[in-house]
Amino acid sequence: MPKRGAPPLQADLLQGTLDLLILQTLVLGAAHGHTIAYVIEHRSDAVLQVEHGSLYPALHRLEDRGWIASFWGTSENNRKARYYRLTRSGRQQLAQQTSRWEQLVGAINRVLRPAKE
Amino acid sequence: MGWMRYFRRARWDEERELEIQAYLEIETDENIARGMTPEEARYAARRKLGNPTQIREEIYRMNSLTFIESLWQDVRCGLRMLRKNAGFAMVAVLTLALGIGANTAIFSVIHAVLLSPLPYDHPDRITLVRESNPSKGFEQFSVSPPNYMDWKNAAGAFEQMASMSRGQFSYTGGAEPERLVGARVAASFFSVLGAQPELGRTFLPEDDVVGKAGVVVLSHGLWTQHFGSDPQVIGKSLTLDGESYRVIGVMRNGFQFPRGVQLWLPSEFDERSLSPRARGAHYLTVIARLKPGASIDQAQAEMVAISKRLEQLYPNTNTGWTSKVVALSEATVGNIRPTLLVLFGAVGFLLLIACANVANLLLARATARQREIAIRFSLGASRLRIARQLLTESILLSGIACALGLLLAEWAMRALRTLPPSTLPRAESIGLDLPVLGFAAGVAVLTALLFGFAPALQITRGAPSETLKEGGRTASAGRHGVRSALVVLETTLALVLLVGSGLLFKSFVRLQTVDPGFESKNILTANISLPKSKYSTDAQTIQFFGQVLERMQAVPDVKEAAVASGNPMDGSNLSFVFATKQLQALAPADQPSAGYYVVSPNYFHTLGIPLLVGRYFTQGDFAGSPRVAIISQAVAQRFFHDRSPIGQTIKIGVGAGDPPWREIVGVVGDVKDDGLGEAATMTVYEPCTQQVWSSMSLFLRSDSDPSHLASVLRSQVMSVDKDQPVAEIATGEQMMSQAVAQPQLRTLLLSLFAGLALVLASLGIYGVMSNMVAQRTHEIGVRMALGAGQRSVLRLVLSNGMRLTLLGIALGTAGAFALTRLMKSFLFHVTPTDPATFLEVALFLFAVALLASYIPARRATRVDPVVALRYE
């Protein structure tokens, strides 16, 4: 039986970060999985590649926690697709996680580039 | 959402599948827009997504309660395994069931007898206060009424103190006269025990006045049997010993103290029983409730000080007498504790042997399963997962065994519950209650871990690739080491148990061959107690027993008939201080004491007690004739060793005033009155015509089984006095078996456990040797191809088995040497390290082990080299 738990590769790094990115993507409005991945890739200038293998489990996890909700809709080219939207608690979560992320980035930056006197 | 998602996961999975499908379609559309052909587009989309099944699986797992899920999987898999290997499963389950069952049964006894508190209010504060005279060899003795009164007034460590003495009462009012067992108790008796009545009230101090109209408290049992549970019973009257008593209360169901008692009466000490001389008449049992916070040690110290004061005040009666405070629980079950602990140890050993056996079986099977396990490893199972799977199988095994063991235990408990209190006190409360069930479950889990751990560890160690390469055919050396160690362990434990049971068995046989000093075969005994109210004069009593004896002697089947004041060997006979002319110079407290019997002339003849010198009592020894006595050989040897006792005088004391001097007319053989294992008791006999006793045992000797004489006796007694009950009817065999009941019980049980241990250990040796032969078939084939004869193959296998056995025997001998001293108090004419027993047991075990390895060894000699070599 394969090991369960951590998804492979950079998903380890993104475990928390991917959730944050998904939530941020959905601030603009509801989107389906394909769009979410596309948006993340493009807005990061293709630096962040979203593993689809971890995208769907992440969506599932977020929905399970009640931060996003899903519904079936029709895509741009008239295909049936599952759309996700941010819930109220997802919005709070996004705010919290964003500020925590900024603290973390600030802290890391201070370590990497000590203030010059 | 939580765990509820577990139930929705199928629907979720469907949704995910659709969603992923939608993704693929969108991506494909885009790829086509980028200019790919539809086929390329679909392919690229799939590649980008990765393995959709894996994604679904991952989400599915997120929705599972993984632990329970896979546990259930393990259980199902385990059950499948066991069903596939039904033979193995059966042997393992039976072995473990024996171990668990035996442990549960013995624990249920320990729980009921030793661990659960007595059924009284705050039982830990209830004590028994006894008199004690170590210099005379009386560690614990009954209390005399005047001493009790002084204790009661002086002792400060106790909240309350109460006396009690058992008595028997003829009850006339039913269809037949019946004898009831009662107790005369102080008014505070019930409050010492914290017992409340079910109806009415218990005694008040004003009930306890001599001469006042009698009152009685009934037990629940008596109330049910004789009063049809009449709720209006209070105030009704009851005729006991011809006198009327008014019922004032009924105790609750289950309250029985002292044991077997049916009614309680006030103690009513008269002037005589409180007189200074009565300080020497020890017959009371005293119970007392400690004050909250007071310890037994404090009470003990205080009581010793009080006794010392009494000793100085009354040197004639109290010299050498001190007192002893013991917890009631200790007094009730103290003497059975060592037996139970030894038995508990024995079943513990038995369980270990069972575990070793099953571990051996599992290890043998592990070889066969190694391929399966290796494949599962290769497919990515974690070590933990596989170990858990194996342990689950073990727990399944022990769970099934536990259920079966409980059945065995219940069956054993049913037998144990029927034991009389003298053999096993509190036996009636043995049962499969919650703590016992808990214990059984605990033992089962522990057992599973014990026998499952080694195989699980072994099987999950080592690289799977190696196993697959080996083809799972050749066992590694390491595993064999473990199995050999297990066999040595089993042999060791079995030897210890066998030595223990061998010693007990030997003791028991020796105990049974002890001559009790009388002939118990074809004897029927019964007890008749004449009420004082009806038989107030000696002449009436003498006449009654004379008539009964006369009538019984006329019955054709009755060869001999006699009466005596006690039953030999029943453990509760009277003993009194006695004096000879030489001894009377001694202070009263230093005078020796002897067992005391009042007997009819034919007593010795009836019981086959031989006359050594002089004469038996005759009809010529009647009330008015010169007073005579017969002494036992032990008295003659100790006090008349230098001259003939015939014609010497002796006095032994009961009755008001100084007992009279009596002329010794005969010396008879000794009777082992204090028990078969004890030294002969010094005994003095007096004729029942000269010293009248109102409670007598009757003895009838017949030519064959005397049981049928019971009804004849009853009707003959009723024809003399229609109100007179006959009680305690027993045969001589029953009398004797009671005397050896406890040694018999422990010998039987320990032998049973040792026998099981032997069977299991030899199965273990057999299993390991068979397995070894099977695994070394190739090697044996090579040896035989190279010219080894059958004898040398036989020797090869046997020497292997015998090496393990000898090691086990050596270790077991050392273990037994260390442990058998715990049984010292159970042994009779055998030392705990009796060399003969050790040697016999070792030889016996060796022979059994030899047989167990001979069978596989024979098989080895029949190996066909050609087949064996081709097999590899």
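Q: Before we start, when do two strands count as paired here?
A: Two strands pair if DSSP finds at least two bridges between them. Strands (E, at least two residues) and helices (H or I, at least four) are DSSP runs, numbered from the N terminus. This is a predicted model, where local features need pLDDT of at least 70 and side-chain atom pairs count only at pLDDT 80 or more, while totals for chains, interfaces and linings use all residues. Residues are numbered from 1 along each chain as its sequence is written, with chains lettered from A and ligands numbered from 1 in the order in which they are written.

Q: Thanks! What does β20(B) pair with in the parallel sense?
A: That would be strand β15 of chain B, residues 593-599, over 5 bridges. Within this pairing, G595(B) has T683(B) as its bridge partner.

Q: And which strand runs antiparallel to β20(B)?
A: Strand β17 of chain B (residues 628-632), joined to β20(B) by 2 bridges. There, I630(B) is bridged to Y685(B).

Q: Why is β20(B) called largely enclosed?
A: Because 5 of the 5 residues of β20(B), 683-687, are buried. Buried means 20 or more other C-beta atoms within 10 Å of the residue's own; exposed means 12 or fewer, partly exposed is in between, and C-beta atoms are placed from the backbone.

Q: Which residues sit on each face of β20(B)?
A: T683(B), Y685(B) and P687(B) are on one side, V684(B) and E686(B) on the other, and both faces are covered. In a regular strand, side chains alternate between the two faces of the sheet.

Q: Switching to S575(B): where is it?
A: S575(B) is in strand β14 of chain B, residues 575-580. Leaving out residues up to four places away in sequence, S575(B) touches S593(B), A594(B), G595(B) and Y596(B). Touching means that the C-beta atoms, placed from the backbone, lie within 7 Å.

Q: Why does S575(B) count as partly exposed?
A: Because S575(B) has 19 other C-beta atoms within 10 Å.

Q: Last one: how long is α24(B)?
A: Helix α24 of chain B (residues 790-819) has 30 residues and reaches 42 Å from first C-alpha to last, close to the expected 44 Å. The expected span is 1.5 Å times one less than the number of residues. Its buried residues include V793(B), G801(B) and A816(B).

Terms used
Two residues are in contact if their C-beta atoms, placed from the backbone, lie within 7 Å.
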